[in-house]
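Biologist: I would like to go through this protein model with you. Shall we take it one question at a time?

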Amino acid sequence: MTIQPALQLRDFIRNIPDFPKQGINFKDISPLLADGGAFSECTSELSIHMPDDIDAIVGIESRGFLFGAALAQLTGVGFVPIRKPGKLPAATHAIEYELEYGTDILEIHRDALSRGHKVVIVDDLLATGGTAAATIKLVEQLGGEVVACLFVIELDFLGGKEKLGNTPVFSLLHYDD
Ligand code: AMP
C-alpha cells in the first residue's frame, strides 16, 4: 500500500492546540496510524536510517511502541519496551529524570539487553529530549550502546537533540512550532 501521490506524511499529523494542557501544541499521530499507506511509508522511511548489525530496537511507552515494533517487524530485529513504573513484570532497572515540573521514572527489564548490545531507540516525537536522554542512560547502565535515536517528529525549536550528546539522531518530520 502507498500514500496517494499528492499527500505527504506531514499531511497525516494533526495539531491539537492546548492538549493536554494550555500552551502545548500536541502532534496527534492518529491519522497517520489510521492510514495503512502512510503508516507503512513512515516505517519504511525510518528503516532506511537503521544502522546495520543492531541487536535491539528499544521503544518508549507508549507511542514509541507503535513505531518501534513496526520497525522491528520490518527489519527482523527484536523489540524491547521501556515502560512507566510498575508495568514490567520481571526484575527491572529504573531511572528517574527531570520534567518541567517534578520528575518521572522509566523502567527496563534487567535481562532485556546484554553488555555490548547495539541499540536503536525509537519514539514518536522528540520535544525537550528529557525522555530520550533518560532512555539512553537506562540502556547504557545495562551495558548497551545506543547507536541511533529515530523519531517520527522533532520539535526543533525545543532543542531536544542537544540533550542527546553525540548520539546520532534522525527525525522524519521537523516542526518549528
Ligand atoms: P520530551 O521528553 O520533552 O522530549 O518529550 C517526549 C515525549 O513526550 C514523547 O514520548 C512524546 O510522545 C511526548 N510529547 C512531548 N511533546 C509532545 C507534543 N507536542 N505532541 C505529542 N507528543 C508530545
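Predicted model: local features only at pLDDT ≥ 70, side-chain atom pairs only at ≥ 80, totals over all residues.

Modeller: Residues are numbered from 1 along each chain as its sequence is written, and side-chain values use heavy atoms, with hydrogens and water left out.

Biologist: How many salt bridges does the structure hold?

Modeller: A salt bridge is a side-chain nitrogen of Lys or Arg within 4 Å of a carboxyl oxygen of Asp or Glu. One of them joins lysine 118 and glutamate 145, at 3.9 Å from N to O. The structure's total is 4.

Biologist: Which residue forms a salt bridge with aspartate 28?

Modeller: Aspartate 28 is buried, at 11% relative accessible area (buried is under 20%, exposed over 50%, partly exposed in between, with a 1.4 Å probe and protein chains only). The closest N and O atoms of its salt bridge are 2.6 Å apart. The partner is arginine 14.

Biologist: Which strand holds arginine 14?

Modeller: Strands are DSSP runs of E, at least two residues; helices are runs of H or I, at least four; both are numbered from the N terminus. Aspartate 28 lies in strand S2, so the pair ties together parts 14 residues apart in sequence. Arginine 14 sits in strand S1.

Biologist: Aspartate 123 is buried yet has no salt bridge. How far away is the nearest side chain of opposite charge?

Modeller: Lys and Arg count as positive, Asp and Glu as negative; His and the chain ends are not counted. Aspartate 123 is found in strand S7. The nearest opposite charge is on arginine 63. The distance is 6.3 Å.

Biologist: Which backbone nitrogen lies 3.3 Å from a polar atom of the aspartate 123 side chain?

Modeller: Look among the residues that aspartate 123 contacts, meaning heavy atoms within 4.5 Å. Beyond its neighbours within four places in sequence, they include Ile60, Arg63 and Gly64. The nitrogen belongs to glycine 64.

Biologist: Which element gives the largest share of the lining of the largest pocket?

Modeller: That pocket is lined by 41 residues, and Thr131 is among those nearest its centre. Strands S2, S5, S6, S7 and S8 and helix H4 each give two or more residues. The largest share, 6 residues, comes from H4.

Biologist: Is glutamate 100 buried or exposed?

Modeller: Glutamate 100 is placed in the loop between S5 and S6. Its relative accessibility is 65%. Therefore glutamate 100 counts as exposed.

Key. Polar contact = N/O pair within 3.5 Å; in protein donor to acceptor, adjacent residues only side chain to side chain. 1 Å grid on protein atoms, 1.4 Å probe; cavity = no way out; pocket = protein on both sides within 12 Å on 5 of 7 lines; lining within 4 Å.
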